[in-house]
Amino acid sequence: MKLSELKVGQRAKVVRVKSNPELSRKLRAMGLIKGEVITVEKVAPLGDPIEIRVKGTKLSLRKKEAENVEVEVI
Amino acid sequence: MGKLKVAFVGNPNVGKTALINAIAGTKLKVGNWPGVTVEKKEATVKVDGKELYLVDLPGVYSLSPFTIEERITRDFLLKERPDVIVNVVDSTNLERNLYLTTQILELGIPTVIALNVWDEFRSLGYSLNLDKFEELLGVKAVPTVATKGEGVKELLRLITEEEIPIPKPPTYSQDLEYFIKKVEPYVPKGMPKRWTSLKILEEDELILKELSDKSAQAVKGILRELESFFGESGNSVVAEERYGFIRGVLKQTLREPVGKKRTLTDVLDAIFLNRLLGIPTFLLIIYLVFKLTFDGSGPLIDWTDGFINDFVAKWVSAAISGLPEWLQSLIVDGIIGGVGTVLTFVPLLLFLYFFLALLEESGYMARAAFVMDRLMRVIGLPGKSFVPMIIGFGCNVPAIYATRTLESERDRKLTALLVPFMSCGARLPIYALFTAVFFKEHQAEVVFSMYVIGIVVAATVGVLLKKFFFKGSAEAFVMELPPYRIPTLKMLWTSISVKLGAFLKKAGTVITATMVLLWALINVPYGAPPKDTILGKTASAIAPLFYPTGIKSWEPVAALIPGTIAKEVVVGALGQLYGVGEDEEEGEEKSSFTQDLKEQVVGFGQAVKDSFVAMFGSFKTGVFEVESEEGPVSKAISKAFTPLSAFSYMVLCLLWIPCIVTLGAIYQEFGTRLTLASITLTTIVPYVVSTLVYVGGRLIGIN
């Protein structure tokens, strides 16, 4: 499942980050690494971007970017 | 020993700037990094007889650059090799912050960690075994509260008194260490060995590019080997190992509070990011910023204007009455007028910088970006650029400075090019004049249509610019929503005073010089009728070019040039050019210098009072009030224009080259190239749009 498909409130574990090396390095630096548990906190009023909580940080990313993160709902 | 070069490095929003502020105070200088529009803050201070050069590097999450800002930080660390790195971390978010730290420790540069927002860390119930933490990371760490100046002394003491050791880099799993050893021989000379080896394993393109063909070949082989060994890319393995190391350190040193409390940030975000309330609260906040900025500064601007023109100009005139008339005019109208124009912007920018700094430092600006992102993406801009655009309706000048809040250089430039299409308050008198003559019945609608045309043009130009000039993928929008924090007045003040100083120095001089040049255009040869001045002659020569826009005489063309002093000057200029300008108000009452001075002081007090009343007296803003006057100019233009050509001329004035001060602001922020680009854009676009209006109007039978 993709991170972009999660609903608000859902918790999931990161399985893999797959995109161009630049973006994946950025996402990893922000804490999206394999095995990390994240929560989808909010969706913006117009449906995009989304806000997730990862490693105690609130992170906002567009759905297009969230598509690159494969997750597993827990 | 010479100057000690101290670089402040850390994630965004951890209080790096506040920390430098606490050390350097007013000695802080703000400029741009060479060649880019990224803010550079630096200061030289003396501590215990030692000179320290402090530099605030742009906030980064890692040392693999994603944006220009991140590249600056990395290049500085690699090429300038500071003597000491102060790694500022947010203590309440150590895990994520230490990710950058692991990379800094590999650089082989003496490093100190500043554990910032220590007060919040404590009040949230965290505790840290500092000795163990220092031991495991191999560096000294100092708890700080930058906003209160706590820990600053201790930090400075460490930097100046002790020999800071080169940190020992983190060790990773045996498997990874095997691969690090394997790529080490291929690290180019002069690069830090361990750091570069790890960057190679992270497949950092910028490093891979620097390798010789032979090394690159060998490295590729190693990377393939690593990938088949771990079953994932080196990029991913290294990130996991770094976080693994951090978790190991924190497990032994950090005690987290049991049961997370709902923080203030959570409560505020429930409102500001709410699906229903998010946009309305954003609009409300922006409206308030707009209203308070413009209404609040209004009375003070009027006072400044009066002080320069009625007081300074008057008494300077009196003092130099013996000089030739043209020289008097040059000094009073050209130079004092120019300086006056610059100074009248001080109250406005003071207010704007205050509110922008408040939005920024409090953490709300990131929320605005989140809420507005989807909408602004239509024209290829991030959500935050909505703010400068809106400010532009009040005045383009602060709007240009507001582009500073955008993250990427591309976005800043694109926004700055579009801001001049926002119809500012100074354009209202032009609309007032023309609508009163030609559109008496529909004055409000026609004025409103100007605003709409401005927005539509900005959106269209935005899309076109993006397509042809600002190509490449729009930057990814991976942004942290930092915790809300109350900014201190001292921080706000430093931010404001530093920026105002830069405006006066850099933009101020350019603006004054240009004003003097414009004075010459309008007044040389001195005393000649308007038609025979340089301006009149040039305008007559190029007037035929403007026929397609419906403007058939030279006067309106000529008026556009003084209109660059300030848009509302078009009205007065038209009057003068048509030879119907009001007579100078001669025969002023005689008053003494001290009387005048007293009046100015009293006037200032009144202005401050008026400013408060304007800000808090009512909810409505006075920015859009149209005052129309009937005068001799009205008669002159009623003969020279038709309703259609009047409308076309209004559009031309709306989109035409912004005023000198706006251009000065663009020059200060972005340099010559973008200023020229802006001038080009704001001549071609208005010409095309006005022509479309006029020709289109004629085609459907309007006159």
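This is a predicted model: local features need pLDDT of at least 70, side-chain atom pairs count only at pLDDT 80 or more; totals for chains, interfaces and linings use all residues.
## Helix H3 of chain B

Helix H3 of chain B spans residues 94-105, 12 residues in total. Its first and last C-alpha atoms are 15 Å apart. That is close to the 16 Å expected at 1.5 Å a residue.

H3(B) is largely enclosed by the rest of the structure, because 11 of its 12 residues are buried.

## A sheet with strands from chains A and B

Six strands form an open sheet with antiparallel pairing. The order is S5(A)-S1(A)-S2(A)-S3(A)-S4(A)-S10(B). The edges are held by S5 (69-73) of chain A and S10 (479-480) of chain B. Each has a single partner strand, so one side of each is left without a neighbour in the sheet.

Within the sheet, S3 (residues 50-54) and S4 (residues 57-61) of chain A pair in the antiparallel sense over 5 bridges. A:Arg53 has A:Lys58 of S4(A) as its bridge partner.

## The largest nonpolar core

The largest nonpolar core holds 204 residues. The residues with the most contacts inside it are B:Phe8, B:Leu19, B:Ala114, B:Leu352, B:Phe434, B:Leu574 and B:Met650. Helix H14 (residues 325-362) of chain B supplies the largest share of this core, 12 residues.

What does B:Leu352 touch, not counting residues up to four places away in sequence? Its contacts are B:Thr293, B:Ile391, B:Pro398, B:Tyr401 and B:Ala402.

Technical notes
Residues are numbered from 1 along each chain as its sequence is written. Chains are lettered from A and ligands numbered from 1 in the order in which they are written. Helices (H or I, at least four residues) and strands (E, at least two) are DSSP runs, numbered from the N terminus. The expected span of a helix is 1.5 Å times one less than its number of residues. A residue is buried if 20 or more other C-beta atoms lie within 10 Å of its own, exposed if 12 or fewer, and partly exposed in between; C-beta atoms are placed from the backbone. Two strands pair if DSSP finds at least two bridges between them. A nonpolar core is a set of buried Ala, Val, Leu, Ile, Met, Phe, Trp, Tyr and Cys residues joined through C-beta atoms within 7 Å. Two residues are in contact if their C-beta atoms, placed from the backbone, lie within 7 Å.
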